[in-house]
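Walk me through this model, one region at a time.

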Amino acid sequence: MSLTLAQKIIQSHLVSGDMQAGSDIALRIDQTLTQDATGTMAYLEFEAMGVPRVKTERSVAYIDHNTLQTGFENADDHRFIQSIAKKHGIYFSRPGNGICHQVHLERFGIPGKTLIGSDSHTPTGGGLGMLAMGAGGLDVAVAMGGGAYHITMPKMVLVRLSGKLSPWVSAKDVILEVLRIMSVKGGVGKIIEYGGEGVRSLTVPERATITNMGAELGATTSIFPSDDVTRAFMEAQGRGGDWKELSSDPDAQYDEIIDIDLSKLEPLAACPHSPDNVKPIAELAGQKIDQVCIGSCTNSSYLDMMRVASILKGKTVHPDVSLAIAPGSKQVYNMLAQNGALADIIAAGARVLECACGPCIGMGQSPNSKGISLRTFNRNFEGRSGTADGQIYLVSPETAAASALAGVFTDPRTLGEETAIPMPNSFLINDNMIVPPAPMEEAADVEILRGPNIKPFPTTTALPEEIQAKALLKVGDNITTDHIMPAGAKILPYRSNIPYLSNFCFGVCDKEFPDRCRKEGKAIVVGGHNYGQGSSREHAALVPLYLGVKAVLAKSFARIHCANLANAGILPLVFKNEADYDTIDQMDELALPDIREKLIHHEPILVKNLTKNVDIPAEAVLTDRQIDMVLAGGLLNYTKENA
């Protein structure tokens, strides 16, 4: 049977299930990664399982999100994670070493391996030919303990690339074009595979930019073949022995094919407030801007930074623009310092930030009121920048640098001849900021260091015979995890403190929601399409769990958030008839009679609107295993019961 590349990797890692689209499958996981905003909770969950040593081939804990230390909270979390890593067999990437996805691409990623990470942009590894997927922290904890990772077998989409990018057009413009075509929900239930002769013209960092933003499509993951370009990158990283060639069979069958001629693309921008609100830069040219931020796991590679440095060299940032630049890793930063490019960046007037996520997750560099900020990041959700009315545009590094100099949206094709930036034959390799775990014989003596901000995992209980609660919140389409559980410098330090975090739940939508939950004691949330898109943060499920949310009834769900709800023991339901969404008003009393029995016996589910005396047909978007999890009160309870 002819297979796609993704199907080949799935087949070689299949623990159970049938490789038919829509079926529940379980995969053996080779590698995991966490970052500090999600890692503390993931490691608390791992501890709760009682497994002394991780069972993956490689697990890495990165510190890259909560690096702004304005109090003890972040530093305490970092210390906790480092001690956990030392004790349980996990490699620890210290603060300043870089963004998890950039460093993992450089130092740990291996073609053909499976990787899950407690960060939605883990599919960056698909640029190397990995099957890399974002997941909730509890799923990562289970994988570290040797358990399989369960997903619904995705459909296969081929994005067939032809031609070659024109000067000043970049990989960022490729993925923005895919988003324009498919939308932020067009990839749900799908794996996006890139093929065609145009693939050969893209470097690994360019491929990684494209797979990184596959998360914004809602896709399970995105992947490129592993070819001679991949081999050259890995050899330059001193890891040529890990390379192997991987590709789809020539006659592999796809559920959908999208053709893109790279030579016809132009510089693009995702306009506020969605990554699929895409327009050509030429249409925006001349509009005044206030800020430019270059970096993030999407566009912080050596190649990106060198292109920016070449544009800034000998020039000065416009006096009305604040330009901030964050290299993606210590490797990139060191190489820029050694070859003089960093001096060009500094001389131009850029504010150079540490190698971390920084502004992308609202950790500093918020724009001015109503400020227009051009960012090389992956998300421009409303309020994510830290400024409620900030106008955030997602652009390529080339467009960002050109616009920073001009003070207005600028098409980089107006800059003249493009400077060629070759990929290095060898990267600077210095892993002194990656701390290996203690040897197994010494692990028992390692003390776990806990600060006072680290609170236990929320208590979960088995699903009751019936649910009756008010619809304490009704929201519309494309509600993101940033809406449900915001990020930013003021809130992120409390990711290990669910009780405190609960004060901010749905703060972007309705600041009174937490108080209503405390008053009522239980709640149902009603949502529109693509509920829970964005980050993999399980806090967007754990905090509602803590507040007493029993079920979420929506038109459709984003993949990772739906799984996180089930992991937390919250019941995700979809309307059978979308028009029924309009029959529910906030504060209506809803009931799910005999819900436990209905789930056990796969019987039709009715949501009764007791306020309006209306019956609403609904469906549990759960696999049999997830039903068992919800019945048990979540994945942690389920795992303990089935250990």
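Buried means under 20% relative accessible area, exposed means over 50%, and partly exposed lies in between, with a 1.4 Å probe and protein chains only. By that rule Ser502 counts as buried, because its relative accessibility is 1%. This is a predicted model, in which local features need pLDDT of at least 70, side-chain atom pairs count only at pLDDT 80 or more, and totals for chains, interfaces and linings use all residues. Residues are numbered from 1 along each chain as its sequence is written, and side-chain values use heavy atoms, with hydrogens and water left out.

Where does Ser502 lie? Its place is the loop between helix 16 (498-501) and helix 17 (513-520). Helices (H or I, at least four residues) and strands (E, at least two) are DSSP runs, numbered from the N terminus. A polar atom of the Ser502 side chain lies 2.5 Å from the backbone oxygen of Pro499. That is a polar contact: a pair of N or O atoms within 3.5 Å; within protein, one must be able to donate a hydrogen and the other to accept it, and residues adjacent in sequence count only if both atoms are side-chain atoms. Contact in general means heavy atoms within 4.5 Å. Leaving aside neighbours within four places in sequence, Ser502 is in contact with Pro514, Arg518, Val543, Tyr546 and Leu547.

Now turn to strand 15 (residues 291-294). In a regular strand the side chains alternate between the two faces of the sheet. Both faces of strand 15 are covered. Gln291 and Cys293 are buried on one side, Val292 and Ile294 on the other. Two strands pair if DSSP finds at least two bridges between them. Strand 15 runs parallel to strand 16 (residues 322-325), joined by four bridges. There Ile294 has Ile325 as its bridge partner. Strand 15 also runs parallel to strand 18 (residues 372-375), with three bridges. Gln291 stands opposite Ser373 in that strand.

Next comes a barrel. Seven strands close into it in the order 21-22-23-24-27-26-25, with mixed pairing. Within it, strand 24 (residues 571-575) and strand 27 (residues 614-620) run antiparallel, joined by three bridges. Leu573 has Ala620 as its bridge partner in strand 27.

Last, the rings. Rings of Phe, Tyr and Trp (its six-membered ring) pair if their centres lie within 6.5 Å; planes under 30 degrees apart count as stacked, over 60 as edge-to-face and the rest as tilted. How many aromatic pairs does this rule give? The count comes to ten. Tyr91 and Phe108 form a tilted one, 6.4 Å centre to centre with 55° between the planes. Tyr91 lies in strand 5 (residues 91-93) and Phe108 in the loop between helix 4 (100-107) and strand 6 (114-117), so the pair ties together parts 17 residues apart in sequence. Tyr91 is partly exposed at 25% relative accessibility, whereas Phe108 is buried at 9%. Tyr393 and Phe409 form an edge-to-face pair, 4.9 Å centre to centre with 75° between the planes. Tyr393 is buried at 9%, and Phe409 is buried at 1%. Ring pairs also link Phe233, Tyr302 and Phe427 into a cluster.
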